[in-house]
Amino acid sequence: MTNSPRPLIAGNWKMNGLGASLAEATALAQALAAEPAAARVALCPPATLIERMSRQLAGSAVEIGGQDCRAEASGAFTGDVSAEMLADAGARLVILGHSERRAGYGETDALVSAKVEAALRAGLEPIVCVGETLAEREAGQAVAVVAAQVAGSLPTAVAGKPFSVAYEPVWCIGSGCIPTIEQIEEVHVAVRAALVARLGEAGKGAAILYGGSVKPANAADIMKVREVGGALVGGASLKAADFLPIVRAV
Ligand code: PGA
């Protein structure tokens with residue numbers, strides 16, 4: 001665990017959640033009001049729920065984030081959502097460069113970097129995702145791939161702004177398997193080095209989250225790993241009963 005900043009546990013609901021799911025967010029906020037967490041806690045619901053969740057959780061300890069944004073502020077981009085729109089709906093953070101977007105929509109490091117600039121322009125705190133595929137890991141490329149993604153996906157404009165990096169090995173997302181503690185540490189230390197190489201002093205302060213099959217049963221062990229400053233949680237963030245023990249593992 002890094003000493004600073006405060007660890008962040010962020011839930012990524014992906015394309016899950018209807019109005020009825022807001023009850024889970026409320027249950028989470030109520031539990032945190034009764035017993036505050038050591039970590040910062042965020043939920044990133046689908047764009048359709050951001051405004052409602054923001055209203056419902058106003059004043060609570062739960063921060064709201066988006067899952068993606070377009071780099072442009074507005075324009076003829078049917079179906080897309082800008083960083084300004086997310087902020088207007090009540091989001092304070094935004095996940096960018098998730099592997100499901102890199103793989104499914106061909107998002108490059110350069111595009112992710114442009115989206116990070118957009119997030120900063122709108123006053124949002126970016127959570128920038130990086131991570132190797134299984135083939136890249138098996139080829140001994142994990143550290144090189146992730147370091148290159150950090151260098152290419154972070155504009156120098158993030159220096160001095162709040163942001164975090166999420167290391168999410170692609171082969172661990174939704175798979176139920178996680179890397180060994182040694183593998184997590186190796187990549188997190190490499191991400192820190194890449195951040196410092198890219199941003200200098202400013203690269204020392206950002207939290208580096210681990211993501212990929214984080215569950216109540218493995219969260220405490222992961223949180224103890226050197227340079228792990230929180231978690232990005234998919235499936236286990238959908239239910240307050242699963243997410244809370246992860247939040248409390250910090
Ligand atoms: P998972 O997803 O926790 O369901 O593996 C993590 C993520 O994709 O952010």
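## A first look: Ile95

Ile95 sits in strand E4, which covers residues 93-96. Strands here are DSSP runs of E with at least two residues, helices are runs of H or I with at least four residues, and both are numbered from the N terminus. This is a predicted model, in which local features need pLDDT of at least 70, side-chain atom pairs count only at pLDDT 80 or more, and totals for chains, interfaces and linings use all residues. Residues are numbered from 1 along each chain as its sequence is written, and side-chain values use heavy atoms, with hydrogens and water left out.

So how much of Ile95 can a probe reach? Its relative accessible area is 0%, so Ile95 is buried. (Buried means under 20% relative accessible area, exposed means over 50%, and partly exposed is in between, using a 1.4 Å probe and protein chains only.)

Setting aside neighbours within four places in sequence, Ile95 touches Asn12, Cys44, Gly66, Gln67, Asp68, Ile127, Cys129 and Leu232. A contact here means heavy atoms within 4.5 Å. As for Val116, 21 residues away from Ile95 along the chain, the two C-alpha atoms are 9.3 Å apart.

## The whole protein

Step back and you'll find 10 helices and eight strands. The C-alpha atoms fill a box of roughly 45 × 45 × 30 Å along the principal axes.

Of the 250 residues, 51% count as buried. Among contacts with a separation of 6 or more, 73% come from residues 24 or more positions apart.

## Surface and charge

The protein exposes about 10,400 Å², and carbon and sulfur atoms supply 55% of that area. The figure comes from the Shrake-Rupley method with a 1.4 Å probe; for residues, only the protein chains shown count as cover.

There are 21 positive and 25 negative charges, and their mean positions are 4 Å apart. Lys and Arg count as positive, Asp and Glu as negative, while His and the chain ends are not counted. Each charge is placed at NZ of Lys, CZ of Arg, CG of Asp or CD of Glu.

## Cysteines without bridges

How many disulfides does the structure hold? The count is zero, with a disulfide taken as a pair of cysteine sulfur atoms within 2.5 Å. Cys129 is in no disulfide, and its nearest cysteine sulfur, in Cys44, is 9.3 Å away. Cys129 is also buried, at a relative accessible area of 1%.

Then there's Cys172. Its closest cysteine sulfur belongs to Cys177, and at 4.4 Å that is too far for a bond. Cys172 counts as buried too, with 0% relative accessibility.

## Val187 in helix H8

Helix H8 runs over residues 181-199 and includes Val187. This valine is buried, with a relative accessible area of 0%.

Which residues does Val187 contact, leaving aside neighbours within four places in sequence? They are Arg137, Val143, Val146 and Tyr167. Tyr167 is 20 residues from Val187 along the chain, and their C-alpha atoms are separated by 7.8 Å.

Most residues other than glycine have a negative phi. Lys14 has a positive one, near 50 degrees. You'll find Lys14 in the loop between strand E1 (8-12) and helix H1 (22-34), where it is partly exposed at 22% relative accessible area.

Ser213 isn't a glycine either, yet its phi is positive at about 60 degrees. Ser213 lies in the loop between strand E7 (207-211) and helix H9 (216-223). At 7% relative accessibility, Ser213 counts as buried.

Is Gly59 buried or exposed? Gly59 counts as exposed, at 86% relative accessibility. Its place is in the loop between helix H2 (47-56) and strand E3 (62-66). Gly59 and Ala231 are 172 residues apart along the chain, and 23 Å separates their C-alpha atoms.
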